[in-house]
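I wrote them down in the order in which I looked things up.

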Amino acid sequence: NVGYIIIPVNDKIPFTKENGKFINVLIKETLKRIETSSKLNEFIEKEIILKNRSNECEESLKRAQKIANILADINSELDFDKALNRIISELHDLYDFKGYCLFLVDRSKNEYSQYKYSFPFKITKEIKKELEKRFPIDEEGNHISKAIKTKECIFKENVIPEEIKGEANKKYTKLLKLKSFLIIPFGDKDDVIGILVLSSHKKNLVYNEEDISMLQRFLNQTSSIFRNSYIFKLANRRNQEIEKVYSVIEKINNSENFDEILEVVIKELKDLYNFESYSMSLVDKEKQTYKYYSSYFPEDIRKIAVNVIKEEYPLDPKKGGRIAECILENKPFYYKEGKTNNIANDVNRSAASVLKIKSNLIVPLESKNEVFGVIMLTSHNYVMELSERDISYIRKFLRQIGTAFKTMYYLKLAERRSQETEKVYSVVEKINNSENFDEILDVIIKELKDLYNFESYSMSLVDKEKQTYKYYS
């Protein structure tokens, strides 16, 4: 039995055997039609499923062909950024994501760092600061660290913030407003060289297992291209850095003027980084102090800066401020807050206020692990955005020219002392050959004027009997 039909019977509708036979035949015929119809529906459903699968296969085939074309096009590409842009552009056409972030793994330091990113919203200072960090691979509660270690993709189709585990994951989910994301580790059989994170921020990413598998296979196939082009980029960048260093060293060797050399160094840095002013301070080892040697400030700051740069400061963080700290610890310092009220140290707060510092970078000048001064790059009207890579390059650049720079400075000091000695002997000789006091005074003032940039002078003489002094000239 497949079921029952209940027919109400009463006096007005009598039930007979003939009626029963008719009903029995009717039911059987109806069941046959239902069965036929059911089979037809089942057939139609199977056809629809097969058609959908065929469409999916066709779509997958198109994607596979497109990916093969991309691989063929970028296979010989040595420009890392061009290769990356092409890959992201093509993937975006195939898979509907709104944001991405590429991380590269550094096994030598057991860490990974962001190389490039794009999101469909304004990048705040907080986001930029977080993304510029270097992250340890062994960090717990971090999806990316987990993906690097397991070499497995992590897909969250619908992110529910309350269900996210791990402090790092919670922080970045909130910071980047993640609604959906896919983390894809890629590399060769032996190692993961990078992580590509695809994200959506308003609606869910809809990927099936085949999509995720194909994406990972594709990135694995591009890993050698990534590796080669990135290594080429690093080598090319390194060559440019070396050429720049040698160019500066050559200019140092071909010049006997320390101030000219300083101008060359500042110009090289100015071409790369957007600062408004600079200052150079040098250490006096005997006195255990430092003093501003050279500086440039905009016109509106130059006049008031005199009070800061004329002083000599002890090599003590409390009395000598951040510059003394950088010299003693041989570490750079980067400040970009622009809020002087938050600065605890009196010397730092006063300098930041007087010089109207919005952001600055202080980098030690060293030779053979000995710090002999610092260079400070400053902005006054905007925040000077520098990454860890920027600071690392500036320090490396100054370190590589440090010895030549220091040698040139000491030669200048020796030359200056020699000139001062010659001037003393010259003045003494003129004094001995003259009997006119005013003439002698003119000689002394002229010699001092040649060495030091003053606008006026006065000379006072003492009356010992009256215990007074009076302006003479």
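Entry 1. Which residues is Tyr 471 in contact with, leaving aside its neighbours within four places in sequence? I listed Ser 458, Met 459 and Ser 460 as the contacts of Tyr 471. I note here that the model is predicted. Tyr 471 belongs to strand β14, which covers residues 468-471. Is Tyr 471 buried or exposed? Its relative accessibility is 58%, above the 50% cut-off, so Tyr 471 counts as exposed.

Entry 2. I went back for the overall counts. The protein has 13 helices and 14 strands. Of its 473 residues, 36% are buried. I also looked up contacts by sequence separation: among those with a separation of 6 or more, 60% are between residues 24 or more positions apart.

Entry 3. Next I looked at a helix pair. I recorded an angle and a distance because two packed helices are described by the angle between their axes and the distance between the axes. The pair was α7, residues 258-272, and α11, residues 388-400. Their axes come within 12 Å and cross at roughly 160°. The cut-off for roughly antiparallel is over 145 degrees, and α7 and α11 are therefore roughly antiparallel to each other. The crossing of α7 past α11 is right-handed.

Entry 4. Which residues meet where α7 packs on α11? From α7 I noted Val 265, Glu 268, Leu 269 and Leu 272. From α11 I noted Tyr 393, Ile 394, Phe 397 and Leu 398. Sorted by class, this contact has 7 nonpolar residues, 1 charged and no polar ones.

Entry 5. I stayed with α11. This helix has 13 residues, and the distance from its first C-alpha to its last is 18 Å, close to the 18 Å expected at 1.5 Å a residue. Which residues of α11 are buried? I found Ile 391, Tyr 393, Ile 394, Arg 395, Phe 397 and Leu 398 to be buried. Lys 396 is also in α11, but its relative accessibility is 32%, so I put Lys 396 down as partly exposed. For this residue I looked up one distance as well: Lys 396 and Val 363 are 33 residues apart in sequence and 10.0 Å apart in space, C-alpha to C-alpha.

Entry 6. I turned to strand β11, where I looked up Asn 360. What does Asn 360 touch, not counting residues up to four places away in sequence? I wrote down Phe 333, Tyr 334, Tyr 335, Met 376, Leu 377, Thr 378 and Met 384.

Entry 7. Last, I checked backbone angles at two lysines. Lys 177 is not a glycine, yet it has a positive phi of about 50°. I located Lys 177 in the loop between α5 (167-175) and β5 (180-187). With 48% relative accessibility, Lys 177 counts as partly exposed. Lys 356 is not a glycine either, and its phi is positive at about 55°. The loop that holds Lys 356 runs between α10 (346-354) and β11 (359-367). Lys 356 has 42% relative accessibility and so counts as partly exposed.

Terms used
Residues are numbered from 1 along each chain as its sequence is written. This is a predicted model: local features need pLDDT of at least 70, side-chain atom pairs count only at pLDDT 80 or more; totals for chains, interfaces and linings use all residues. Side-chain values use heavy atoms; hydrogens and water are left out. Axes are lines fitted to C-alpha atoms, for helices over the stretch in contact, and angles run from 0 to 180 degrees between N-to-C directions. Helices (H or I, at least four residues) and strands (E, at least two) are DSSP runs, numbered from the N terminus. Angles under 35 degrees count as roughly parallel, over 145 as roughly antiparallel, 65 to 115 as roughly perpendicular and the rest as oblique. A crossing is left-handed if the near helix is turned anticlockwise from the far one by less than a right angle, and right-handed if clockwise. Contact means heavy atoms within 4.5 Å. Ala, Val, Leu, Ile, Met, Phe, Trp, Tyr, Cys and Pro count as nonpolar, Asp, Glu, Lys and Arg as charged, and the others, Gly among them, as polar. The expected span of a helix is 1.5 Å times one less than its number of residues. Buried means under 20% relative accessible area, exposed over 50%, partly exposed in between (1.4 Å probe, protein chains only).
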